[in-house]
Amino acid sequence: MTDAPKPSSSNQMWGGRFAAGPDAIMEAINASIGFDKRMAKQDIEGSRAHAAMLGATGILEPSDVEAIREGLLTVLSEIEGNEFHFSTALEDIHMNVEARLKELIGEPAGRLHTGRSRNDQVATDFKLWVRDQLDATEQGLLALIRALLDQAEAGADWVMPGFTHLQTAQPVTWGHHMMAYVEMFGRDLGRVRDARVRMNECPLGAAALAGTSFPVDRHMTAEALGFDRPSANSLDAVSDRDFALEFLSAASICAVHLSRFAEELVIWSSAQFRFVTLSDRFSTGSSIMPQKKNPDAAELIRAKIGRIFGANTALMMVMKGLPLAYSKDMQEDKEQVFDAADNLMLALAAMTGMVTDMTANRDSLATAAGSGFSTATDLADWLVRVLGLPFRDAHHITGTLVALAEQKGCDLPDLNLDEMQSAHAAITQEVFEVLGVENSVNSRISYGGTAPVRVREQVARWKDIVS
């Protein structure tokens, strides 16, 4: 007669259904403690709220509740003090915490899991973690927006070229360009806040998938954990990862904006443009070329954004074919979110630092603003407004004058009146008043336009929003 196999620690967690422990390969693929230990704080917060509710409803004795809640604080202290031993044999953060709690307080630890499952437990922990990350992202966006507002206010009347197709289009102001990014990151701020409202429902008490027969008070735990309400359907509660997908989607759109701005900073800081000077804090040199000052922070932001996009796609692929309710596939939901969150926060912080420290080179901006026939549209508008020409005729006349200026190697304001009148006899000396870049930007007074007065209005509006 042979001895029965001794149950492993993982086997004990699963119960009597399994006679033998997992193969090493199965243990490796099954364990998530290597990454989900990041949710230790949220796991303990959720368990303390759950224990308090079990006591308030009479499901557990007050002495057990007190022992559990105090023991959990000890576990958290050990984790935060790097004194906790994480075991892959115990699979995840939930089982690691519970096993240590049992070592500390004994039998009452086994009662903590009454009325819940790891399915609703992990959904609650993950929601708490993502909610914290949404709050951190909000603060990161607010800091970046404030830095942009400072730049916009300082340069509300500094002229620079506006581009389409990266070709000179019309003069704008530095402040107007900075405010464009305020609007973009402002929409990101709105998405983050909106996502937080929508995800703020508590899964705890949904148990494995069908709820529980214990008389739990889900409203109590929801309130204790800062949720607006408990989730209304137990199947959905444990199946839902929309909150993680929505965070990644909002992060991906924000990442697009960060990458576009990073690209402009790379271009603007080049010797060919010299629009901005980045501080030494966010630049590096070359190992061989002593003259180099590389915009590495901007380039790294531009590259790291791909990891956020990848995380978004990866989690959508994990979730796309899953039936209700919980499947082990959903263990693969966290690493992508953790990585994306880390890179988003790093990119926001780096961009905020660059914007705060960068110097706009006003003279270079003004020189570039006056090149490339940037006031051609102003000339066409003048022909329509003053001479009453159809816009298509004005467009043709302006194009003729641009071609003439190109032949002469000069810009439109350098043409004399006779040359202007060669394209249309009714043109008067007054036309030269609209051809300067300063006149051009000051004339763009429509709401949302580049005129300095409008830029300052928008700066004031946004200061009120983010104050």
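Predicted model: local features only at pLDDT ≥ 70, side-chain atom pairs only at ≥ 80, totals over all residues.
## Starting at Ser 231

Ser 231 sits in the loop between β4 (229-230) and α10 (234-239). Residues are numbered from 1 along each chain as its sequence is written, and side-chain values use heavy atoms, with hydrogens and water left out.

Is Ser 231 buried or exposed? Ser 231 is buried, because its relative accessible area is 6%; the cut-offs are under 20% for buried, over 50% for exposed, and partly exposed in between, using a 1.4 Å probe and protein chains only. Leaving out residues up to four places away in sequence, Ser 231 touches Glu 201, Cys 202, Pro 203, Arg 218 and Ala 237. A contact means heavy atoms within 4.5 Å.

## Across to Glu 201

One of those partners, Glu 201, belongs to strand β3. With a relative accessible area of 26%, Glu 201 is partly exposed. Apart from residues up to four places away in sequence, Glu 201 touches Lys 127, Phe 227, Arg 229, Pro 230 and Ser 231. Take Pro 230: it is 29 residues from Glu 201 in sequence, yet their C-alpha atoms are 5.1 Å apart in space.

Now for the loop between β3 (201-202) and α9 (218-224), where you'll find Gly 211. Gly 211 is partly exposed, at 30% relative accessible area. Setting aside neighbours within four places in sequence, Gly 211 is in contact with Gly 205, Ala 206 and Ser 234. Asp 92 is 119 residues from Gly 211 along the chain, and their C-alpha atoms are separated by 22 Å.

Ala 207 also has its place in the loop between β3 and α9. Ala 207 counts as buried, since its relative accessibility is 7%. Its phi is near 60 degrees, a positive value in a residue other than glycine.

Most residues other than glycine have a negative phi, and most peptide bonds are trans. Leu 166 is a non-glycine residue with a positive phi, near 60 degrees. You'll find Leu 166 in the loop between β1 (159-164) and β2 (167-173), and it is exposed, with a relative accessible area of 53%.

Which kind of peptide bond joins Leu 324 and Ala 325? That bond is cis, with omega at about 10 degrees. Ala 325 lies in the loop between α12 and α13.

## The nonpolar core

The largest nonpolar core holds 78 residues, and those with the most contacts inside it are Trp 174, Phe 185, Leu 258, Phe 261, Trp 268 and Met 351. A core like this is a set of buried Ala, Val, Leu, Ile, Met, Phe, Trp, Tyr and Cys residues joined through side-chain atoms within 4.5 Å. The elements giving two or more residues to this core are α7 (118-154), α8 (174-199), α11 (242-268), α12 (296-319), α13 (334-357), α14 (362-369) and α19 (452-466). Which element supplies the largest share of this core? That is α11, with 15 residues.

Not counting residues up to four places away in sequence, Phe 185 touches Leu 141, Leu 144, Ile 145, Leu 148, Cys 254, His 257, Leu 258 and Phe 261. Helix α11 also includes Asp 242, which counts as exposed at 51% relative accessibility.

## Stepping back

Overall, the protein has 19 helices and 6 strands. Its C-alpha atoms fill a box of roughly 115 × 50 × 40 Å along the principal axes. The radius of gyration is 31 Å, whereas a compact globule of 467 residues would have one near 23 Å; this is taken over C-alpha atoms, and the globule rule is 2.2 Å times the number of residues to the power 0.38.

Buried residues make up 49% of the 467. Of the contacts between residues at least 6 apart in sequence, 74% join residues at least 24 apart.

How values were computed:
Helix = DSSP H or I, 4+ residues; strand = E, 2+ residues; numbered from the N terminus.
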